[in-house]
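Here's a quick briefing to read alongside the model. Have the sequence and the 3D view open as you go.

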Amino acid sequence: MTAQDKLPVLAFPPPRPRPKPKASPRANPDDLARAIDALRGALEAELKKPKPVQDPRPEPESFSPIGTPTWRASDQMKSASGSGRAGVAAGAAAPTGPELERDLLARRVVAIHLPRFAMERWQRWATRQGDASPDDLPIALAIEGTHGPVVHATNRSAELQGVHTGARVVDMRALCPDLKVEFADIGGDQRALEKLMHWCRRWCPWTAVDGTAGLVMDTTGSDHLFGGEAQMMRDIEEKLSHLGLSANLAAAPTHGAAWALSRFGGVRDICAPETLPVHMAPLPVRALRLEPDTILLLKRLGLKTIGDLAAVPRVSLARRFNTAPLPQNPLLRLDQMMGKLAEPVNAPDDPPRFAVQSTLAEPVQDPTPHLPDLCAELCKGLHSEGFGARRVTLTIYRTDGEVAHVTVATAQASRDADHLLRLFDGKLDNINPGFGFDLITLAASVAENLHTHQTRLDGGVDDGAELARLVDRLSARLGSHNIRCALPLASHMPERTEEWRSALERAPQVAHLRPERPLRLFDPPEEVRVLYAVPEGPPAQFVWRRITHRVTRFSGPERIAPEWWRDSPGTRLRDYYRVEDHFGQRFWLYRDGVMGDGRGATPRWFLHGSFA
């Protein structure tokens with residue numbers, strides 16, 4: 001090496017003296033060998049792990065949200081919650097793909113179809129009124145339609161003669177001249193169905209109303225309490241038959257499948273999760289709960305059954321029903337039926353129950369001193385929830401096990417403790433005390449919403465409470481069947497505008513009378529003999545109850561046409577006159593028909609009422 005090849009020497013500071021290290025304990029060679037073996041085993045296990053396989057599923061199509069979502073819940077949860085341990089844990093908690101479908105198909109749903117609920121309810125009402133119709137008489141219930149009344153419900157005799165729901169009443173009358181038509185009570189049917197829904201919760205708590213004539217029950221985990229699913233459905237059908245209701249039941253893993261089988265399946269049809277596609281394939285597309293226009297469109301496309309619809313490529317149908325709502329979207333309905341789209345049973349909460357009790361340390365002979373505190377406490381609970389009592393039941397338990405009940409009712413919802421207490425006056429005298437009472441309960445068995453009314457400047461309230469309290473006291477003293485009031489009806493015929501019913505059924509109100517209507521009506525109208533100047537004019541003189549009345553003044557006519565949907569085809573119209581005779585008395589007469597109407601001979605005259 002020459003002098004040119006020598007590297008320059010850098011000047012370093014003199015080294016500092018290093019402290020002598022402390023003597024450490026000598027390492028054990030066996031521990032070192034075990035650590036090396038553990039590290040080698042961990043590396044080999046890591047190399048043996050399979051590599052992650054890329055998800056072969058395609059990306060979601062941007063033009064259609066129809067069908068099962070192809071995104072993974074874990075990815076979306078990570079993006080929503082950020083990276084880190086929390087996001088990974090949230091994403092891993094949700095089932096994905098086949099696991100989600102298995103969870104949805106693990107439920108058991110029972111659908112109850114009541115095909116003649118409205119008609120059977122009307123028949124029970126007619127029987128209670130003493131106006132039961134024979135079984136062979138065709139009867140139809142009608143509702144208002146776009147072009148006149150349409151058939152809403154029919155009995156079996158009307159169905160056999162070709163009368164069907166949705167048709168116009170005039171067309172069905174031409175097909176069946178003997179058809180008896182009554183108007184349906186849509187609101188009453190809905191309220192009765194809600195009561196039946198709460199009654200059905202004896203089998204399972206998750207029960208809801210399904211349309212206008214059906215119920216749905218999520219019986220997951222409840223059927224074993226009744227001996228199995230088949231035995232439970234048989235018990236439900238038997239209990240409903242005791243109520244006079246005919247029902248079709250079906251059980252399936254999803255709400256849509258149970259609904260379809262209850263309408264289009266067999267008797268008490270049961271569908272298992274593994275046989276769901278086989279059960280649904282032969283059913284018509286009407287079983288998808290679609291609107292009539294969508295059903296008609298599918299039939300025009302040649303898709304008449306659910307199997308035909310499921311065989312069509314999903315992309316072609318998705319372009320057509322991309323923005324359609326649920327009742328018009330067959331793909332979403334098909335996903336609900338097959339368990340690919342969740343459809344939980346939305347069961348409403350039970351109505352609030354109001355009850356208070358008083359447990360006595362020693363038996364007493366008279367429970368009356370305890371009533372004021374019970375009424376005050378009950379009304380306090382009603383006021384806090386915004387309710388009022390329509391029916392209050394006092395239950396008294398004797399020491400020997402006997403139980404006595406005393407019930408009072410109100411015409412209007414009330415939470416006035418003093419008023420409710422007064423209704424029990426004299427009702428506890430007939431109770432046998434025996435060896436005494438040790439438990440007293442007071443419950444509002446029927447409660448309604450009671451809103452607070454604004455008072456006037458003088459402190460009064462225009463809510464009819466004073467009249468309702470008077471009816472309550474009279475009914476409690478004389479009996480509810482002895483206090484009756486006139487309730488208005490939806491009819492323009494004078495004899496059908498009201499009916500007399502118990503005053504406790506509905507709160508009486510101050511009636512606003514029409515001045516051209518008399519206060520007194522004759523039932524039935526009494527026929528009179530009339531002399532008139534012209535056939536179409538007012539009467540000049542009439543004989544009623546063998547007394548001749550000469551007309552001095554008159555007003556009219558007021559023409560009232562018959563109700564063609566209720567009256568027979570030959571019913572004639574009426575021309576009403578208000579007349580005053582030479583004695584000063586005023587009457588309400590009408591002429592039944594007109595000359596030449598083709599519905600009878602010479603029109604007759606009737607006296608329908610008298611003015612005060």
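Arginine 289 counts as buried, because its relative accessibility is 15% (buried means under 20% relative accessible area, exposed over 50%, with a 1.4 Å probe and protein chains only). Keep in mind that this is a predicted model, where local features need pLDDT of at least 70, side-chain atom pairs count only at pLDDT 80 or more, and totals for chains, interfaces and linings use all residues. Residues are numbered from 1 along each chain as its sequence is written, and side-chain values use heavy atoms, with hydrogens and water left out.

**Around arginine 289**
- You'll find arginine 289 in the loop between α11 (276–280) and α12 (helices are DSSP runs of H or I, at least four residues, numbered from the N terminus).
- Its side chain makes a polar contact with the side chain of glutamate 343 at 2.8 Å (a pair of N or O atoms within 3.5 Å, one able to donate a hydrogen and the other to accept it).
- Leaving aside neighbours within four places in sequence, arginine 289 is in contact with residues including His255, Trp259 and Arg333 (contact means heavy atoms within 4.5 Å).

**Helix α12**
- Thr294, Ile295 and Leu298 are buried in α12, which spans residues 292–300.
- These three sit on the same side of α12 because they cover an arc of only 100° around the axis, going by the directions from the helix axis to the C-beta atoms.
- Pro292, Asp293 and Arg300 are exposed on the other side of α12.
- The buried residues of α12 pack against α13 (306–311) and α15 (330–338).
- Glycine 302 follows α12 and has a positive phi, near 85°.

**The whole protein**
- Of the 612 residues, 36% count as buried.

Technical notes: Helices (H or I, at least four residues) and strands (E, at least two) are DSSP runs, numbered from the N terminus.
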